[in-house]
Amino acid sequence: MSCCAAASRKPRSSRARACTGPSCTRTAPRSSSSASSSPWLGLTVGDGTQLSAHGSLGYAAMAAADVAQVLGLMQRFTTLRESVAYFDVELDGALALVLREEIRCDDTHEYLMGHFAAGLLRLLETVTGQDLRSCARVQWPFAAPAWADAYLAHCPQSTFGAERLRIELPVALLGCPSLAPDPDAHRLAVRDCERQLTEAQGGSVGARVRRRLLAASGAYPTLAEMAALEHIGERTLMRHLRDEGLSYQGLLDRVREELACWLLVHTGLSVEAVAERLGYQDTSNFSRTFRRWLGVTPRAFRESAGAP
């Protein structure tokens, strides 16, 4: 039986703070409403977010026992995700996820709302295997746009003009089991989340390497040069990063991805110039890599974002 239709005992009234999920601000277009081909781009990108994009937190969610445990994870490890807003999980006679915005940018507001809502529903659907979009009551915090049908197609029970983004789901969903509960895998993933949280609060080799890469402005050091900056050998640097679940190439790819998205959306640089800025000598290699990162070419990404 679907968890949307199943009955469940009423939970105690409580509130929990949960992260929005995917880190989406780096790919947010400067003005989502200006995207000529898909003004509802946030919905599309959020719905396409894979569970693996959440890293260890995503793996912990997939191996969790049920949705209640997933929401607990989100509350506990919210700071692992870079976010401009957080979902309050309200359990007071009903299950409601209400978005609290800490920073608001009018130019990208609709994009971010679509991304947050679709990304969260995608995560819960992946964990449970349930069709949640059909039973979710979504209140959008903006007036109905000319393309409101796109929102209604994604979430049929959508309304507009709310004060905040609010997603109401059946209380029974809390007890809905995960498709792949695995206590051992869950324990390991949670342990990794705890390690990342500790390192994020106190610093780590991976964090220092990332900061150095961000400051490199495209002239990225080699592994040997980075090791020298850290005053350790190459193998030692590789071992430290491996112990953190990282790799030098992976960190470099993430930094390049973030910078590529920013340059494509916020500057008029050609794709060739962006590739050169990121240290790629071959533009076609950059385009193939960008497509691997985000599933679209640099030009298609720029066009969908309504960038110059």
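Buried means under 20% relative accessible area, exposed over 50%, and partly exposed in between, using a 1.4 Å probe and protein chains only. Keep that at hand for the exercises below.

The model is predicted, so local features need pLDDT of at least 70 and side-chain atom pairs count only at pLDDT 80 or more, while totals for chains, interfaces and linings use all residues. Residues are numbered from 1 along each chain as its sequence is written, and side-chain values use heavy atoms, leaving out hydrogens and water.

**Exercise 1. Classify H231: is this residue buried or exposed?**

Step 1. Find H231 in the loop between α8 (223–229) and α9. Helices here are DSSP runs of H or I with at least four residues, strands are runs of E with at least two, and both are numbered from the N terminus.

Step 2. Take the relative accessible area of H231, which is 73%, so H231 is exposed.

Step 3. Look at the backbone too: phi of H231 is near 60°, a positive value in a residue other than glycine.

**Exercise 2. Summarise the protein chain as a whole.**

Step 1. Count the elements: the protein chain has 13 helices and 6 strands.

Step 2. Of its 308 residues, 48% are buried.

Step 3. Turn to contacts, meaning heavy atoms within 4.5 Å. Among those with a separation of 6 or more, 71% join residues 24 or more positions apart.

**Exercise 3. Which residues have the most contacts inside the largest nonpolar core?**

Step 1. Set the rule: a nonpolar core is a set of buried Ala, Val, Leu, Ile, Met, Phe, Trp, Tyr and Cys residues joined through side-chain atoms within 4.5 Å.

Step 2. The largest such core has 50 residues, and L95, W140, L165, I167 and L169 have the most contacts inside it. Helix α4 (residues 109–128) gives the most to this core, with 11 residues.

Step 3. Check the surroundings of I167: leaving aside neighbours within four places in sequence, its contacts include F87, L95, L120 and V138.

Step 4. Note a second, separate core of 27 residues, which includes Y220, L241, L252 and F301.

**Exercise 4. Which residues of α7 and α9 meet?**

Step 1. Helix α7 (residues 205–214) and helix α9 (residues 234–243) pack at about 110°, with axes 9 Å apart. That makes α7 and α9 roughly perpendicular to each other.

Step 2. V205, G206 and V209 in α7 meet L237, H240 and L241 in α9.

Methods: Axes fitted to C-alpha atoms, helices over the stretch in contact; angles between N-to-C directions. Parallel < 35°, antiparallel > 145°, perpendicular 65-115°, else oblique.
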